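Please find below a short note on the model under review.

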Amino acid sequence: MCWIGFDPLQRYLNNQIIWFLQMKSTQLAIGKTVFLLGVVLAILAALIPQLDVYKNTILWTLIGAGFLVGLLNITPREETQFLVAVIAILLVSNSLGKLAELGWLSGLLSYVDAFVVPAGLLVALKSVWDLGRKRWLCI
């Protein structure tokens, strides 16, 4: 049984919920696409030496894609797991970077670093903000 006075309010709330769910699915689709494009761009830029001419453009594109991935893809439940993966990638990259010149592998590692660091930075800052907000505001 529905009261007549609440029917428009219920329709409005239902529309808001549907809009929110559609927006979330759109964000996930964009985030997944940006992630895949970033990975493919990093691999192609490392494997094709002729793309060295566009190295700065590729690096800035990967940095922007990394920010979008950190903003759109990582949920609060995934933060810790993602940050541990970022730390592992950066440690391996740093260790291998100190070895002798590895050819395309060193290029791949630098491009992956450019893609992963902004996402990790954004997720880490978001995590610190959430921790501080919960503690200081007693939420």
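Which exposed residues does the face of helix 3 turned away from its buried side carry?

1. That face carries Thr80, Gln81, Val84, Ile87 and Leu91. Exposed denotes over 50% relative accessible area, buried under 20%, and partly exposed the range in between, with a 1.4 Å probe and protein chains only. Helices are DSSP runs of H or I with at least four residues, strands are runs of E with at least two, and both are numbered from the N terminus.

2. The model is predicted: local features require pLDDT of at least 70 and side-chain atom pairs pLDDT 80 or more, whereas totals for chains, interfaces and linings use all residues. Residues are numbered from 1 along each chain as its sequence is written, and side-chain values use heavy atoms, with hydrogens and water left out.

3. The buried residues of helix 3 are Glu79, Phe82, Val86 and Ser93. They lie on the same side of helix 3, because they cover an arc of only 65° around the axis, the arc being that of the directions from the helix axis to the C-beta atoms. An α-helix has 3.6 residues a turn, so residues three or four places apart point the same way.

4. The geometry of helix 3 agrees with expectation: its 19 residues should span 27 Å at 1.5 Å a residue, and its end C-alpha atoms are 26 Å apart. The expected span is 1.5 Å times one less than the number of residues. For helix 2 (residues 55-72), 18 residues should span 26 Å, which agrees with the 25 Å between its end C-alpha atoms.

5. Leaving aside residues up to four places away in sequence, glutamate 79 touches Ile74, Val123, Lys126, Ser127 and Asp130, a contact being heavy atoms within 4.5 Å.

6. Alanine 124, in helix 4 (residues 104-137), is 45 residues from glutamate 79 in sequence and 7.8 Å away in space, C-alpha to C-alpha. Alanine 124 counts as partly exposed because its relative accessibility is 27%.

7. Overall, the protein chain has four helices and zero strands. Of its 139 residues, 24% count as buried.
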